[in-house]
Amino acid sequence: DTYNMQSGMHRGTHVQAGPVRGVAIDGLNQMTISGGADSCVHFWHFKNHQRLHTLKLDTQVSGLKLHRDSGMLAVILDDFSVSVVDIETHRVVRKFHGHTNSLTDLTFSADGRWLISAAMDCTVRTWDLPTGRLVDCFQVESAVTSLTMSQSGDFLATQHVEDLGVYLW
């Protein structure tokens, strides 16, 4: 459901089969993107809520992260992989495999060149989007639950299971 933030009025409904596990909105407020247990990524017209396209994937979606400037959508899948979708063409342009447990978070570098993923296998992996290769992987003592890259690209901030601190890498 869509609501006006100021008035609280209901503005429309997107109908999707199964639980929704991730939502993103493009940088121009033209498209809403959702993914979920139906193993699909749905592209919706932002204002009239009509479905524009549906992309069927191999397994259920467990999360989404959109890099608005590049139009690349990282889709976390239940098979511990990540598919990167171009939101203009609605096609998978990259697939990344390597984690051995559920992914917990993703972040893009500011320039959209790198995608950084974290999982319950206590690894953090950096993927190069143009080449489709793994750039770096490091192991941590406890699983990362949240991560983000600084705008300058100098630091990666992580938060870990049962830890009150924020780590800078």
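Reply: In this predicted model, β3 gives the most to the lining of the largest pocket, contributing three residues. The pocket itself has a volume of about 220 Å³, and of the 13 residues that line it, the closest to its centre are Asp1, Thr2, His14, Val23 and Thr32. By residue class, the lining of the largest pocket divides into five nonpolar residues, seven polar residues and one charged residue.

The second largest pocket can be described in the same terms. About 180 Å³ of space lies in the second largest pocket, and its lining is made up of Lys65, Leu66, His67, Arg68, Asp69, Thr107, Phe108, Ser109, Ala110, Met149 and Gln151. Here the elements that give two or more residues are β7 (61-67) and β11 (103-108), and of the elements it is β7 that gives the most, with three residues. The lining of the second largest pocket divides into four nonpolar, four polar and three charged residues, whereas the lining of the largest pocket holds one charged residue.

To return to the request, the element that gives the most to the lining of the largest pocket is β3, and for the second largest pocket that element is β7.

Key. Residues numbered from 1 in each chain as written. Predicted model: local features only at pLDDT ≥ 70, side-chain atom pairs only at ≥ 80, totals over all residues. Heavy atoms only, no water. 1 Å grid on protein atoms, 1.4 Å probe; cavity = no way out; pocket = protein on both sides within 12 Å on 5 of 7 lines; lining within 4 Å. Points joined across faces, edges and corners; volume = space filled by probe spheres on them. Helix = DSSP H or I, 4+ residues; strand = E, 2+ residues; numbered from the N terminus. Nonpolar A, V, L, I, M, F, W, Y, C, P; charged D, E, K, R; others polar.
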